[in-house]
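Subject: Structure handover

Hello,

Here is the structure I promised to pass on. Please open it first, then read the notes below.

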Amino acid sequence: LAVILAVSVFNVIRPFLLRPASQAAEFRLVTVAEGFTRPLYLTHAGDARLFVVEQDGLIKIIADGKVLAEPFLDVSALVSRDGSERGLLGLAFHPDYPSNGHFFINYTDLNGNTVVARYSVSADDPDLADPASAVVILNVAQPYPNHNAGQLAFGPDRYLYIGLGDGGSANDPQGNGQNPAALLGKMLRVDVNSEPPYSIPADNPFLNDGQFASEIWAWGLRNPWRYSFDRQTGDLYIADVGQNQIEEVNFQSATSRGGENYGWNVFEGTQRLAEVSTLSGAVMPVTQYDHTEGCSITGGYVYRGQNITSLVGEYLFGDFCAGTIWGLRRDAAGKWTRRTLMNSGRVISSFGEDYSGELYSIDYGGAILRFDALP
(Lines give C-alpha, C1' and ligand atoms only; values in the text may rest on other atoms or scores of the structure.)
Protein backbone atom coordinates (compact mmCIF):
# COMPACT_ATOMS: atom_id res chain seq x y z
CA LEU A 1 0.00 0.00 0.00
CA ALA A 2 2.83 2.38 0.82
CA VAL A 3 4.30 1.86 -2.65
CA ILE A 4 0.91 2.47 -4.26
CA LEU A 5 0.47 5.68 -2.29
CA ALA A 6 3.97 6.85 -3.19
CA VAL A 7 3.32 6.25 -6.87
CA SER A 8 -0.02 8.01 -6.63
CA VAL A 9 1.51 11.08 -5.00
CA PHE A 10 4.35 11.12 -7.53
CA ASN A 11 1.92 10.95 -10.45
CA VAL A 12 0.10 14.01 -9.10
CA ILE A 13 3.20 16.13 -8.55
CA ARG A 14 5.29 14.91 -11.50
CA PRO A 15 3.98 17.42 -14.08
CA PHE A 16 4.91 20.26 -11.74
CA LEU A 17 8.33 18.91 -10.80
CA LEU A 18 9.24 18.65 -14.47
CA ARG A 19 9.28 22.43 -14.53
CA PRO A 20 12.84 23.72 -14.24
CA ALA A 21 13.85 24.89 -10.77
CA SER A 22 14.73 28.56 -10.47
CA GLN A 23 16.68 30.48 -7.86
CA ALA A 24 15.46 33.77 -6.48
CA ALA A 25 17.95 36.59 -6.36
CA GLU A 26 17.14 37.34 -2.72
CA PHE A 27 18.04 34.07 -1.00
CA ARG A 28 19.07 30.45 -1.42
CA LEU A 29 17.94 27.17 0.14
CA VAL A 30 20.79 25.42 1.94
CA THR A 31 20.49 21.74 2.93
CA VAL A 32 20.82 21.38 6.70
CA ALA A 33 20.19 17.63 6.95
CA GLU A 34 18.97 14.75 4.80
CA GLY A 35 17.83 11.16 5.12
CA PHE A 36 14.50 11.72 6.85
CA THR A 37 11.49 9.53 6.04
CA ARG A 38 8.41 11.50 4.97
CA PRO A 39 9.20 14.58 7.10
CA LEU A 40 6.18 16.80 7.73
CA TYR A 41 7.20 19.51 10.17
CA LEU A 42 10.05 21.26 11.97
CA THR A 43 10.03 23.35 15.13
CA HIS A 44 12.14 24.28 18.16
CA ALA A 45 11.89 23.92 21.92
CA GLY A 46 13.19 27.34 22.88
CA ASP A 47 16.81 26.57 22.06
CA ALA A 48 19.08 25.93 19.08
CA ARG A 49 17.93 22.35 18.47
CA LEU A 50 15.59 21.53 15.58
CA PHE A 51 12.88 18.91 16.04
CA VAL A 52 11.75 17.14 12.86
CA VAL A 53 8.43 15.26 12.68
CA GLU A 54 8.31 12.17 10.47
CA GLN A 55 4.91 10.97 9.30
CA ASP A 56 5.53 7.38 10.37
CA GLY A 57 5.75 8.38 14.02
CA LEU A 58 9.25 9.57 14.87
CA ILE A 59 10.48 12.93 16.14
CA LYS A 60 14.18 13.45 15.49
CA ILE A 61 16.58 16.12 16.67
CA ILE A 62 19.10 18.08 14.64
CA ALA A 63 21.75 19.46 17.01
CA ASP A 64 24.93 21.24 15.94
CA GLY A 65 24.19 20.31 12.33
CA LYS A 66 23.88 16.58 13.00
CA VAL A 67 20.88 14.28 13.30
CA LEU A 68 20.98 12.52 16.65
CA ALA A 69 21.00 8.74 16.36
CA GLU A 70 18.16 8.13 18.83
CA PRO A 71 14.76 9.70 18.16
CA PHE A 72 13.42 12.18 20.68
CA LEU A 73 10.12 10.26 20.59
CA ASP A 74 8.90 7.15 18.78
CA VAL A 75 5.13 6.66 18.64
CA SER A 76 5.16 4.59 15.46
CA ALA A 77 3.33 1.74 17.23
CA LEU A 78 0.42 4.10 17.92
CA VAL A 79 0.18 5.74 14.51
CA SER A 80 -1.81 4.62 11.48
CA ARG A 81 0.25 4.71 8.27
CA ASP A 82 -2.24 3.30 5.80
CA GLY A 83 -3.08 6.57 4.07
CA SER A 84 -1.13 9.39 2.48
CA GLU A 85 -2.64 11.94 4.90
CA ARG A 86 -2.51 9.92 8.13
CA GLY A 87 0.35 9.62 10.59
CA LEU A 88 2.16 11.81 13.09
CA LEU A 89 1.15 15.25 11.89
CA GLY A 90 1.88 17.93 14.46
CA LEU A 91 4.14 18.98 17.34
CA ALA A 92 4.09 21.98 19.67
CA PHE A 93 6.22 22.71 22.72
CA HIS A 94 4.55 24.38 25.68
CA PRO A 95 5.62 28.02 26.17
CA ASP A 96 6.93 26.94 29.59
CA TYR A 97 8.72 23.89 28.23
CA PRO A 98 12.07 24.82 29.82
CA SER A 99 10.41 24.56 33.24
CA ASN A 100 7.56 22.04 32.81
CA GLY A 101 8.95 19.81 30.03
CA HIS A 102 5.56 19.44 28.33
CA PHE A 103 4.97 19.12 24.59
CA PHE A 104 1.98 18.08 22.49
CA ILE A 105 1.61 15.89 19.43
CA ASN A 106 -1.21 15.33 16.96
CA TYR A 107 -1.53 11.97 15.21
CA THR A 108 -4.04 9.60 13.68
CA ASP A 109 -4.32 6.43 15.74
CA LEU A 110 -4.59 2.84 14.51
CA ASN A 111 -8.30 3.39 13.88
CA GLY A 112 -7.59 6.50 11.83
CA ASN A 113 -8.96 8.93 14.41
CA THR A 114 -7.27 12.13 15.57
CA VAL A 115 -5.47 12.07 18.91
CA VAL A 116 -3.89 15.08 20.60
CA ALA A 117 -1.67 14.02 23.49
CA ARG A 118 0.65 15.66 25.98
CA TYR A 119 4.09 14.18 26.64
CA SER A 120 6.97 15.12 28.91
CA VAL A 121 10.69 15.19 28.37
CA SER A 122 12.75 12.56 30.16
CA ALA A 123 14.00 13.53 33.59
CA ASP A 124 17.47 12.26 32.72
CA ASP A 125 18.14 13.33 29.15
CA PRO A 126 16.93 16.54 27.43
CA ASP A 127 17.24 14.83 24.04
CA LEU A 128 14.76 12.07 24.94
CA ALA A 129 11.06 12.19 25.71
CA ASP A 130 9.39 9.93 28.24
CA PRO A 131 7.12 7.61 26.20
CA ALA A 132 5.25 6.59 29.35
CA SER A 133 4.22 10.19 30.09
CA ALA A 134 1.42 10.37 27.51
CA VAL A 135 -1.82 12.05 28.55
CA VAL A 136 -4.50 12.12 25.86
CA ILE A 137 -6.27 15.47 25.85
CA LEU A 138 -8.47 15.09 22.77
CA ASN A 139 -9.93 12.33 20.60
CA VAL A 140 -11.85 13.16 17.43
CA ALA A 141 -13.40 10.49 15.21
CA GLN A 142 -12.38 10.75 11.56
CA PRO A 143 -14.98 9.41 9.12
CA TYR A 144 -12.57 9.25 6.15
CA PRO A 145 -8.78 8.82 5.81
CA ASN A 146 -8.02 12.28 4.42
CA HIS A 147 -8.23 15.91 5.58
CA ASN A 148 -6.78 15.22 9.01
CA ALA A 149 -4.94 18.57 9.11
CA GLY A 150 -2.85 18.04 12.26
CA GLN A 151 -1.16 21.33 13.07
CA LEU A 152 -0.68 22.37 16.69
CA ALA A 153 0.53 25.81 17.76
CA PHE A 154 0.56 27.93 20.88
CA GLY A 155 -0.68 31.45 20.30
CA PRO A 156 0.66 34.63 21.86
CA ASP A 157 -2.13 34.14 24.41
CA ARG A 158 -0.45 30.86 25.50
CA TYR A 159 -3.49 28.81 24.49
CA LEU A 160 -3.16 25.75 22.28
CA TYR A 161 -4.67 26.02 18.79
CA ILE A 162 -5.68 22.75 17.10
CA GLY A 163 -6.45 22.63 13.37
CA LEU A 164 -8.94 20.00 12.18
CA GLY A 165 -9.99 19.23 8.61
CA ASP A 166 -13.58 18.59 7.59
CA GLY A 167 -13.37 14.82 7.99
CA GLY A 168 -12.40 13.96 4.44
CA SER A 169 -13.83 12.42 1.31
CA ALA A 170 -14.74 15.23 -1.10
CA ASN A 171 -16.96 18.30 -0.88
CA ASP A 172 -17.52 17.78 2.87
CA PRO A 173 -20.31 15.17 2.58
CA GLN A 174 -21.10 15.36 6.30
CA GLY A 175 -21.32 19.16 6.28
CA ASN A 176 -18.82 19.50 9.11
CA GLY A 177 -17.35 22.79 7.95
CA GLN A 178 -20.64 24.59 8.55
CA ASN A 179 -21.86 22.47 11.46
CA PRO A 180 -21.39 24.53 14.64
CA ALA A 181 -21.63 21.45 16.85
CA ALA A 182 -18.85 19.51 15.08
CA LEU A 183 -15.17 19.89 15.89
CA LEU A 184 -14.18 18.89 12.36
CA GLY A 185 -13.57 21.69 9.88
CA LYS A 186 -12.57 24.05 12.69
CA MET A 187 -9.76 25.78 14.51
CA LEU A 188 -9.98 24.92 18.20
CA ARG A 189 -8.57 26.97 21.08
CA VAL A 190 -8.10 25.32 24.46
CA ASP A 191 -6.31 25.98 27.72
CA VAL A 192 -3.90 23.16 28.56
CA ASN A 193 -2.46 25.00 31.55
CA SER A 194 -5.25 23.59 33.66
CA GLU A 195 -5.64 19.99 34.79
CA PRO A 196 -5.91 17.53 31.85
CA PRO A 197 -7.51 17.25 29.49
CA TYR A 198 -8.10 21.03 29.12
CA SER A 199 -10.39 23.91 29.97
CA ILE A 200 -12.13 26.40 27.71
CA PRO A 201 -10.74 29.96 27.69
CA ALA A 202 -13.27 32.39 29.10
CA ASP A 203 -13.09 34.54 25.98
CA ASN A 204 -13.65 31.81 23.39
CA PRO A 205 -16.18 33.26 20.95
CA PHE A 206 -18.88 30.61 21.28
CA LEU A 207 -18.49 29.73 24.94
CA ASN A 208 -22.05 30.75 25.77
CA ASP A 209 -23.67 29.75 22.48
CA GLY A 210 -25.39 26.40 22.90
CA GLN A 211 -25.33 25.72 19.15
CA PHE A 212 -21.53 25.68 19.02
CA ALA A 213 -18.90 23.44 20.52
CA SER A 214 -17.20 25.68 23.05
CA GLU A 215 -13.68 24.75 21.84
CA ILE A 216 -14.25 26.43 18.45
CA TRP A 217 -12.18 29.51 17.67
CA ALA A 218 -12.86 29.68 13.90
CA TRP A 219 -14.79 27.53 11.45
CA GLY A 220 -15.53 26.85 7.77
CA LEU A 221 -12.16 25.16 7.05
CA ARG A 222 -11.54 22.27 4.67
CA ASN A 223 -8.01 21.08 5.52
CA PRO A 224 -5.83 23.71 7.19
CA TRP A 225 -2.42 22.37 6.23
CA ARG A 226 -0.16 24.52 8.33
CA TYR A 227 -0.96 27.76 10.08
CA SER A 228 1.24 30.07 12.10
CA PHE A 229 1.31 33.17 14.24
CA ASP A 230 3.51 36.09 13.29
CA ARG A 231 5.94 36.13 16.22
CA GLN A 232 6.08 39.93 16.13
CA THR A 233 2.45 40.98 15.58
CA GLY A 234 0.50 37.91 16.72
CA ASP A 235 -1.47 37.80 13.45
CA LEU A 236 -2.62 34.33 12.38
CA TYR A 237 -2.18 32.93 8.85
CA ILE A 238 -4.11 29.80 7.86
CA ALA A 239 -3.37 27.94 4.62
CA ASP A 240 -6.43 25.89 3.62
CA VAL A 241 -6.14 23.16 0.96
CA GLY A 242 -8.72 23.44 -1.80
CA GLN A 243 -11.04 20.89 -3.40
CA ASN A 244 -10.81 21.00 -7.18
CA GLN A 245 -9.69 24.47 -8.16
CA ILE A 246 -8.56 26.94 -5.50
CA GLU A 247 -5.90 27.01 -2.76
CA GLU A 248 -6.19 29.81 -0.22
CA VAL A 249 -4.56 31.75 2.60
CA ASN A 250 -6.81 33.10 5.33
CA PHE A 251 -5.81 35.86 7.72
CA GLN A 252 -6.91 36.66 11.25
CA SER A 253 -5.69 39.84 12.89
CA ALA A 254 -4.17 39.65 16.36
CA THR A 255 -6.99 41.95 17.45
CA SER A 256 -9.64 39.40 16.45
CA ARG A 257 -11.89 37.95 19.14
CA GLY A 258 -12.39 34.81 17.07
CA GLY A 259 -15.50 33.37 15.48
CA GLU A 260 -14.54 33.87 11.83
CA ASN A 261 -16.27 31.62 9.31
CA TYR A 262 -13.91 30.97 6.37
CA GLY A 263 -16.70 29.67 4.19
CA TRP A 264 -16.07 26.01 3.41
CA ASN A 265 -18.03 24.17 1.99
CA VAL A 266 -20.17 26.99 0.67
CA PHE A 267 -17.05 28.66 -0.72
CA GLU A 268 -13.83 27.32 -2.18
CA GLY A 269 -11.67 30.40 -2.04
CA THR A 270 -13.87 33.21 -3.33
CA GLN A 271 -15.85 30.87 -5.57
CA ARG A 272 -19.32 30.06 -4.29
CA LEU A 273 -20.12 26.36 -4.51
CA ALA A 274 -23.56 26.24 -2.94
CA GLU A 275 -26.52 28.51 -2.38
CA VAL A 276 -27.06 28.58 1.36
CA SER A 277 -29.29 31.38 2.53
CA THR A 278 -28.22 31.10 6.16
CA LEU A 279 -24.52 31.74 5.53
CA SER A 280 -23.60 35.37 6.00
CA GLY A 281 -20.40 37.14 6.81
CA ALA A 282 -18.04 34.53 5.41
CA VAL A 283 -14.44 35.76 5.52
CA MET A 284 -12.74 35.59 2.14
CA PRO A 285 -9.07 34.60 1.72
CA VAL A 286 -6.43 37.31 1.43
CA THR A 287 -4.85 35.45 -1.48
CA GLN A 288 -5.61 32.38 -3.56
CA TYR A 289 -4.35 30.51 -6.61
CA ASP A 290 -5.84 27.91 -8.91
CA HIS A 291 -4.56 24.52 -10.03
CA THR A 292 -2.68 25.87 -13.00
CA GLU A 293 -0.10 26.99 -10.40
CA GLY A 294 -0.12 24.00 -8.07
CA CYS A 295 -2.37 21.45 -6.40
CA SER A 296 -2.05 21.66 -2.61
CA ILE A 297 -1.06 24.65 -0.51
CA THR A 298 1.51 24.40 2.28
CA GLY A 299 1.35 27.18 4.84
CA GLY A 300 4.45 28.88 6.16
CA TYR A 301 5.53 31.79 8.34
CA VAL A 302 6.05 35.52 8.39
CA TYR A 303 9.81 35.92 8.17
CA ARG A 304 11.25 37.56 11.29
CA GLY A 305 14.82 36.36 10.98
CA GLN A 306 18.03 38.35 10.59
CA ASN A 307 19.69 36.75 7.57
CA ILE A 308 17.52 38.00 4.68
CA THR A 309 16.48 41.59 5.26
CA SER A 310 14.35 41.87 2.12
CA LEU A 311 11.97 39.18 3.42
CA VAL A 312 11.35 40.63 6.87
CA GLY A 313 7.61 40.99 7.47
CA GLU A 314 6.69 38.86 4.45
CA TYR A 315 4.56 35.71 4.78
CA LEU A 316 6.22 32.81 2.95
CA PHE A 317 4.24 29.78 1.79
CA GLY A 318 4.41 27.19 -0.96
CA ASP A 319 2.77 24.40 -2.93
CA PHE A 320 3.30 20.70 -2.28
CA CYS A 321 3.14 19.75 -5.95
CA ALA A 322 4.73 22.66 -7.76
CA GLY A 323 7.50 23.42 -5.27
CA THR A 324 6.81 27.12 -5.75
CA ILE A 325 7.50 29.46 -2.85
CA TRP A 326 5.55 32.69 -2.70
CA GLY A 327 5.72 35.80 -0.55
CA LEU A 328 2.67 37.72 0.65
CA ARG A 329 2.57 41.26 2.03
CA ARG A 330 -0.08 43.76 3.05
CA ASP A 331 0.57 47.44 2.39
CA ALA A 332 -0.44 50.41 4.52
CA ALA A 333 -3.76 50.64 2.67
CA GLY A 334 -4.59 47.02 3.50
CA LYS A 335 -3.96 45.64 -0.01
CA TRP A 336 -2.39 42.17 -0.21
CA THR A 337 0.21 41.40 -2.87
CA ARG A 338 1.55 37.94 -3.69
CA ARG A 339 4.81 37.44 -5.55
CA THR A 340 6.74 34.38 -6.70
CA LEU A 341 10.04 34.00 -4.87
CA MET A 342 11.32 30.65 -6.09
CA ASN A 343 10.53 27.44 -7.92
CA SER A 344 12.38 25.17 -5.53
CA GLY A 345 12.03 21.88 -7.39
CA ARG A 346 11.12 20.32 -4.02
CA VAL A 347 8.02 18.57 -2.66
CA ILE A 348 7.21 21.09 0.06
CA SER A 349 5.39 19.29 2.86
CA SER A 350 5.89 22.05 5.42
CA PHE A 351 7.88 25.03 6.58
CA GLY A 352 9.53 25.51 9.95
CA GLU A 353 10.86 28.26 12.17
CA ASP A 354 13.79 28.05 14.56
CA TYR A 355 14.29 29.82 17.87
CA SER A 356 15.87 32.88 16.25
CA GLY A 357 13.16 33.25 13.60
CA GLU A 358 15.04 31.80 10.65
CA LEU A 359 12.92 29.75 8.26
CA TYR A 360 13.21 26.24 6.86
CA SER A 361 11.55 24.32 4.05
CA ILE A 362 10.78 20.64 4.54
CA ASP A 363 11.10 18.40 1.48
CA TYR A 364 8.82 15.35 1.73
CA GLY A 365 11.59 13.41 0.00
CA GLY A 366 13.72 13.68 3.14
CA ALA A 367 15.66 16.96 3.23
CA ILE A 368 15.57 19.94 5.59
CA LEU A 369 16.59 23.21 3.92
CA ARG A 370 17.25 26.62 5.47
CA PHE A 371 16.52 30.00 3.90
CA ASP A 372 19.88 31.76 3.69
CA ALA A 373 21.23 34.98 2.23
CA LEU A 374 23.15 34.68 -0.98
CA PRO A 375 26.93 34.45 -0.49
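Two strands pair if DSSP finds at least two bridges between them. Helices (H or I, at least four residues) and strands (E, at least two) are DSSP runs, numbered from the N terminus. The model is predicted, so local features need pLDDT of at least 70 and side-chain atom pairs count only at pLDDT 80 or more, while totals for chains, interfaces and linings use all residues. Residues are numbered from 1 along each chain as its sequence is written, and side-chain values use heavy atoms, with hydrogens and water left out.

Strand 11 is joined to strand 12 (residues 160-163) by 3 bridges. Across that pairing, L152 stands opposite I162 in strand 12.

**The chain as a whole**

The chain has 2 helices and 27 strands. Its radius of gyration is 19 Å, close to the 21 Å from the globule rule for 375 residues, so the chain is as compact as a globular protein of that length. (The radius is taken over C-alpha atoms; the rule is 2.2 Å times the number of residues to the power 0.38.) The C-alpha trace spans about 55 × 45 × 45 Å along its principal axes. Of the 375 residues, 58% are buried. Buried means under 20% relative accessible area, exposed over 50%, and partly exposed in between, with a 1.4 Å probe and protein chains only.

**The disulfide**

A search of the whole structure finds 1 disulfide, meaning a pair of cysteine sulfur atoms within 2.5 Å. It joins C295 to C321, S to S 1.7 Å. The two cysteines come from distant parts of the chain, 26 residues apart. C295 is in the loop between strand 20 (287-290) and strand 21 (297-302). C321 is in the loop between strand 22 (315-319) and strand 23 (324-330). Both count as buried: C295 because its relative accessibility is 18%, C321 because its value is 0%.

**Aromatic rings**

There are 23 aromatic pairs. Rings of Phe, Tyr and Trp (its six-membered ring) pair if their centres lie within 6.5 Å; planes under 30 degrees apart count as stacked, over 60 as edge-to-face and the rest as tilted. Take F51 and F72. Their ring centres are 5.0 Å apart and their planes are at 80°, so this pair is edge-to-face. F51 is in strand 3 (residues 50-54), and F72 is in the loop between strand 5 (66-67) and strand 6 (73-74). Both are buried. Elsewhere, ring pairs link Y237, F251, Y289, Y315, F317, W326 and W336 into a cluster.

Two arginines sit over rings. R222 lies over the face of W264, 5.6 Å from the ring centre. The charged end of R226 is over the ring of W225, at 3.9 Å from its centre. A charge counts here if NZ of Lys or CZ of Arg is within 6 Å of the ring centre and within 35 degrees of the ring normal.

Is N111 buried or exposed? It is exposed, because its relative accessible area is 63%. N111 is in the loop between strand 8 (102-108) and strand 9 (114-121). From N111 to S214 is 103 residues in sequence and 26 Å in space, C-alpha to C-alpha.

Best wishes
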